Structure formats: structure tokens, C-alpha cells
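These are notes for a colleague who is opening this model for the first time. Please keep the structure in view while reading the numbered points.

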Amino acid sequence: MKKSKKTVKRAGDATLAIHAGQEKFGIGASVGVEIARTANFTFANTEEMKRWAQGKSSAYIYTRYGNPTLTIAEKKLAALEGAEAAVVTASGMAAISSALLSVLKAGDEVIATRQVYGGTYRLMRDVFPRMAIVVRHVESDLAGIERLITPRTKALYIETPTNPTLRLVDLKKAIAFAKEWDLISLIDNTFASPVLQKPIEMGFDIVLHSATKYLAGHSDVIAGAAAGSHARMEKVRDLIIYLGGSMDPEAAFLLIRGMKTLELRVLRQCATAMIVARYLAKHPKVARVHYPGLPSHPDHLLAKRQMRGFGAMLAFDLKDGLSAARHFCDRTRIFLLAASLGGAESLVVLPIYSSHYNMSLQELRGAGVEPGTVRVSVGLEDPENLLEDLRQALA
Ligand SMILES: *Cc1c(COP(=O)(O)O)cnc(C)c1O
């Protein structure tokens, strides 16, 4: 597929997710995806192998370096993100760590929004100092970010919407800042998915995903991905190759199969999330609902500007705090009590017992989390049934 030009109309997301990377020819080609269930690949002769060793051949040699099934997943994600290239990885954390290490070296500094995925936060807090990489945190509104710039600042890392209060980072502001200071910009696009926002098309350098979530979408695989220019993805791939975070072909199959319905799922999940958010906002036992689709959300207007939909993640605070939140989570029958997100199954979880465990009240408040905050991942069930479940669990 060609990249969008004025004259070339870009195919829509649903079409790209189904067909990108899977050109079919002639009679007898598989419509379904074939899994290249192999560790290694043969060469016709030593001349071909020599060409590979000289970097003149892009032949597959060994699955950690690349594999035809992985290539299909990579082409689909690149097409969806509007990027030149993508790399699929064993997990979201493999993509995040390898991408960050592909742009940072000892002595470099990175500015990161404070509200990032717990694994990313701990990677930056516990591992980067050992490599002499300095992380400076900024709040999601990017207030005072200019003061964090030093001659060693190399990259800007953001995540939006944030977990669990669904605050947004202004993508235009972030990219303008990165351009002004010549920083490499990275964004974790897991919560939105490329259906709701395409940061590469806005000017970001690297988009990252926990493909475990919306991209694969069926709660049955751990997977990750990065997307960006050919040159940047080559560097990310080098680190995936040497640190070993490569994807297994079986996982690539599940990712490809999941991505085919990405748009359908995400748009339906957004619609149901709005119904759930409105229901909760009117419930007498609910103190507050965090959902960018509600006009009461502090980033509602920004969400309208920069996202195609408001997403399918939300959170709410119960008036009676932690005991009420536990009671609710223990009583849901359709909403499963489980970590993770983005699957067909609706989920509830208490941030204080998952992403935000071991934090003081003050730290929780800083993150906008109350002890009685419940996070919800809205799935694909019938909305009426979800509301019935909420009604009985809150009763
Ligand atoms: C789950 C998640 C990750 C980590 O991805 P894994 O696939 O679990 O390694 C990173 N970022 C966000 C926003 C996530 O939700």
C-alpha cells in the first residue's frame, strides 16, 4: 500500500488491517495466514548465504532476525500507523525497552510523562540508572517541560490516554516541543490503538504498543510492536535481535488474526464504553467517572480534537471508598476481575491492588487515584448485559 499522497487515497483502517502484508496471487493461495513454524531457513547455495552475510540480501535466515509470519504482522501495523516500517516483539515491554535503548546511551537524558505504564516506569526508575540514563518526569499537561531540557536531553517519551484516570497528553504540543528541541519522540499508543490516533502521521518518530491489548484483542497472547521510519526500525530490530525480545510465529498468527477485526472491535468498544460511562455517572453510589467522552472530564475537548473516539477504558470512584470498590469487584458476574485490557471480555480491576500497588496515599492522589477507584476495560458483550451486571454489583 502506498503512503498517503494528495492523489493517492489511503485505504481505510479496516481494509488495511485485513489486507496489508497479505498480497494474494493466482490459484490456490491461502486466504488464511500460514504460520512459518520454523526456527531457521534454507539457502539455495553459498553464494546466496555470502550475499546475506554482506548485507546484500534480505533473505530470512533465523526467526529471531525475521520470519514471514512476523513480516505480515509488521506490514499490517505499519500500514495502520501510517509508518514506513514496524517491528513486532515478544511483548510490549520488549518493544518499549528496545526502542528506548535504540535512541539512548549512557549520559543521555529522556523526558517522560510521569503517568506511564508501571513496567515502563520501573524500567526507567530501576534499570536506566544502571546504564547512566537519566529520566526527568513531566506531568501529562506538560507544564514546565522547558525547564527539564538540558544539553543532554535526547528523547521525549509519552503515553496517552493515561492509566487509570484517562488523562490526555496534547499530541500537537508534545510534537512541537520535540521538534523545537530536536528530541526523538516516542509514544506508547496502546490505550488508543491506531484506530483512534495515529501519532506517526502527526510527526512522532516511534510508536509503541503492547499488542497484547487492543491489537491482538483476545486476551490470549503477549505481544508488542514498534513502528516508525525504516532507519529507526532497523535500530530497534538490532536490539530485539541482540536482547532477544523477538516474537514467536505462533504469537504473530494470533496478532494478525486479531488485527483483522481491530477497527470493528475498537469502535464497538468505544460505543459501549460511552454507555457504561453515562450509566455510572448517574449512579448514586458513584462519586466520579473518569472517561474522556464525558464533558465533565478535564480533557474532553482535547480528546475531541485529537482522537477519533474516546476509547474503551474508563475508571470510577465509589463514594464509600475501598470497601465499596472491593464489594463491587467481588460481585460482578460478566466483568471479570483481572489485570490487562483491550480484549473481548469486559474487566474490572482495583489500581491499588494492580498498577498502583505499594504507593502512599499521597502518591495515589498525585496519580489521581483514590483507594476506591475501579478501572474498567470495556469489552464486546451486549451493552444491556453489562449495565445489568453493573446494576446488580453496585446494589
Ligand atoms: C500492558 C501495557 C504495556 C506492557 O505490555 P506487555 O505486552 O505486557 O509487555 C505497556 N504499555 C501499556 C500502556 C500497557 O497497557
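1. Asp 13 counts as buried, at 8% relative accessibility, where buried means under 20% relative accessible area, exposed means over 50%, and partly exposed lies in between (1.4 Å probe, protein chains only). The model is a predicted one, in which local features need pLDDT of at least 70 and side-chain atom pairs count only at pLDDT 80 or more, while totals for chains, interfaces and linings use all residues. Residues are numbered from 1 along each chain as its sequence is written, and side-chain values use heavy atoms, with hydrogens and water left out.

2. Asp 13 forms a salt bridge with Lys 198, with 2.8 Å between the closest N and O atoms; the term stands for a side-chain nitrogen of Lys or Arg within 4 Å of a carboxyl oxygen of Asp or Glu. Lys 198 is also buried, with a relative accessible area of 15%. The pair links distant parts of the chain, 185 residues apart, since Asp 13 is in helix 1 (residues 13–19) and Lys 198 is in the loop between helix 7 (193–196) and helix 8 (199–202). Helices here are DSSP runs of H or I with at least four residues, strands are E runs of at least two, and both are numbered from the N terminus.

3. By this rule the count comes to 18 salt bridges. Another of these joins the side chains of Glu 74 and Arg 237, at 3.1 Å from N to O. Glu 74 lies in helix 3 and Arg 237 in helix 9 (residues 230–243), so this pair ties together parts that are 163 residues apart in sequence. Glu 74 is buried at 7% relative accessibility, whereas Arg 237 is partly exposed, with a relative accessible area of 24%.

4. A further salt bridge is formed by the side chains of Arg 232 and Asp 205, at 3.9 Å from N to O. Arg 232 lies in helix 9 and Asp 205 in the loop between helix 8 and strand 6 (206–210), so parts that are 27 residues apart in sequence are tied together. Arg 232 is partly exposed, with a relative accessible area of 25%, and Asp 205 counts as partly exposed at 22% relative accessibility. Through shared partners, salt bridges also join Arg 10, Asp 13, Lys 198, Glu 201, Glu 263 and Arg 308 into one network.
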